[in-house]
Amino acid sequence: QVQLVESGGQLVQTGGSLRLSCAASGRTISSVAMGWFRQAPGMQREFVAAERWSDGRTSYRDSVKGRFAISRDNAENTVYLQMNSLKPEDTAVYYCAATRTGWSNSVDAWGQGTQVTVSS
């Protein structure tokens with residue numbers, strides 16, 4: 001069972017950058033696909049960026065393409081989300097997640113979330 005802990009969220013101005021980290025323990029992330037999701041107040045949790053379980057390629061929601069990038073460091077058992085050109089609509093709690101069988105099958109672990117607030 002993998003445990004995930006996010007960090008790096010904070011208040012930032014429009015146009016700024018942040019890098020979120022997701023540290024995994026209990027299982028190596030080299031055998032799972034990782035992803036980032038977010039939830040704004042009063043909204044449903046939504047997909048942001050993720051690795052495809054089948055081939056490891058990355059995908060992004062349209063609104064963050066070209067601004068966000070997901071990456072991993074297997075040696076550190078950590079996944080990152082680099083966020084550039086932040087906008088107020090990016091304000092949300094960001095969660096990392098892991099799947100061993102594919103996102104459409106099951107999510108095996110969620111982190112507790114880290115708050116990102118983008119001021120206008």
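Visitor: In this predicted model, is Tyr95 buried or exposed, and what is its relative accessible area?
Guide: The model is a predicted one, and the cut-off for a buried residue is a relative accessible area under 20%. Tyr95 falls under that cut-off and is therefore buried, its relative accessible area being 13%.

Visitor: How are the rings of Phe37 and Trp110 arranged?
Guide: The structure holds four aromatic pairs, and one of them is formed by Phe37 and Trp110, with 5.1 Å centre to centre and 65° between the planes. Phe37 lies in strand β4 (residues 33–39) and Trp110 in strand β10 (residues 109–110), so that this pair links parts of the chain 73 residues apart. Phe37 is buried at 12% relative accessibility, whereas Trp110 is partly exposed at 36%. Planes over 60 degrees apart count as edge-to-face, and the arrangement of Phe37 and Trp110 is accordingly edge-to-face.

Visitor: What is the angle between the ring planes of Tyr95 and Trp110?
Guide: Tyr95 belongs to strand β9 and Trp110 to strand β10, 15 residues apart. Their ring centres are 6.5 Å apart, and the pair is edge-to-face because the planes stand at 90°.

Visitor: Which residues do ring pairs link into a cluster?
Guide: Trp110 takes part in a pair with Phe37 and in another with Tyr95. Taken together, ring pairs join a cluster made up of Phe37, Phe47, Tyr95, Trp103 and Trp110.

Visitor: Which residue has its charged end over the ring of Tyr95?
Guide: The charged end in question sits 3.8 Å from the centre of the Tyr95 ring. The charged end of that residue also sits over the ring of Trp110, 4.5 Å from its centre. The residue is Arg45.

Visitor: How many residues apart in sequence are the parts that Cys22 and Cys96 tie together?
Guide: A search of the whole structure finds one disulfide, which joins Cys22 to Cys96 with an S to S distance of 2.0 Å and is right-handed, with 50° about the S-S bond. Cys22 is buried at 1% relative accessible area, and Cys96 is buried at 0%. Because Cys22 lies in strand β3 (residues 18–25) and Cys96 in strand β9, the parts tied together are apart in sequence by 74 residues.

Methods: Residues numbered from 1 in each chain as written. Predicted model: local features only at pLDDT ≥ 70, side-chain atom pairs only at ≥ 80, totals over all residues. Heavy atoms only, no water. Disulfide = S-S within 2.5 Å. Helix = DSSP H or I, 4+ residues; strand = E, 2+ residues; numbered from the N terminus. Buried < 20%, exposed > 50% of the residue type's maximum accessible area, 1.4 Å probe, protein only. Phe/Tyr/Trp six-rings, centres within 6.5 Å; stacked < 30°, edge-to-face > 60°. Lys NZ or Arg CZ within 6 Å of the ring centre and 35° of its normal.
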